Amino acid sequence: MTKIKTGSFAIIHFSVAFTVAYMLTGDVFLGGLIAILEPAINSIAYFFHEKAWDKKKIQHNTNWAVSVR
């Protein structure tokens, strides 16, 4: 599920990044370059962010189960 969420987030982020970069620069090439680089790096960071939160959730559930005993 995390990979699917990451992919859909990337598509939205690419679209927004291109639109903003193009509006700021007026250059399709520069807008496209920024739209590829920034969201690609951000999407990788997001994937690992989600993994860290999943790990934290598992640890929290494990700690709660131990404290209930």
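Helices here are DSSP runs of H or I with at least four residues, numbered from the N terminus. What you're looking at is a predicted model, where local features need pLDDT of at least 70, side-chain atom pairs count only at pLDDT 80 or more, and totals for chains, interfaces and linings use all residues. Numbering starts from 1 along each chain as its sequence is written, and side-chain values use heavy atoms, with hydrogens and water left out.

**The nonpolar patch**

Helix α2 covers residues 28-68 and supplies six residues of the nonpolar surface patch, its largest share. The members are F14, F29, L30, L33, I34, I36 and L37, and together they have about 640 Å² of accessible area. Those areas come from the Shrake-Rupley method with a 1.4 Å probe, and for residues only the protein chains shown count as cover. To get into a patch, a residue needs over 30% relative accessible area and no salt bridge; nonpolar side chains (Val, Leu, Ile, Met, Phe, Trp, Tyr) are joined within 5 Å, like charges within 9 Å. L30, part of helix α2, is partly exposed at 34% relative accessible area.

Helix α1 runs over residues 2-25, and its 24 residues should span 34 Å at 1.5 Å a residue; the end C-alpha atoms are 33 Å apart, which agrees. The expected span is 1.5 Å times one less than the number of residues.

Which residues of α1 are buried? They are T2, T6, A10, H13, A17 and A21. Buried means under 20% relative accessible area, exposed over 50%, and partly exposed in between (1.4 Å probe, protein chains only). An α-helix has 3.6 residues a turn, so residues three or four places apart point the same way.

| Residue | Relative accessible area | Contacts |
|---|---|---|
| T6 | 11% | S43, Y46, F47 |
| A21 | 6% | G26, G31, I34 |

A21 and L33 are twelve residues apart in sequence, with their C-alpha atoms 9.0 Å apart in space.

**One salt bridge**

The structure holds one salt bridge, meaning a side-chain nitrogen of Lys or Arg within 4 Å of a carboxyl oxygen of Asp or Glu. E50 and K5 make it, at 3.3 Å from N to O. E50 belongs to helix α2 and K5 to helix α1, so the pair ties together parts 45 residues apart in sequence. E50 is buried at 14% relative accessible area, whereas K5 is partly exposed at 36%.

**Aromatic pairs**

Rings of Phe, Tyr and Trp (its six-membered ring) pair if their centres lie within 6.5 Å; planes under 30 degrees apart count as stacked, over 60 as edge-to-face, and the rest as tilted. That rule gives three aromatic pairs. One of them is F18 with Y22, stacked at 5.8 Å centre to centre and 10 degrees between the planes. F18 and Y22 sit four residues apart in helix α1, separated by about one helical turn. F18 is partly exposed at 29% relative accessible area, and Y22 is partly exposed at 36%. The rings of F47 and F48 have centres 5.4 Å apart and planes at 80 degrees, so that pair is edge-to-face. F48 is exposed, with 55% relative accessible area.

Definitions and conventions:
Helix = DSSP H or I, 4+ residues; strand = E, 2+ residues; numbered from the N terminus. Contact = heavy atoms within 4.5 Å.
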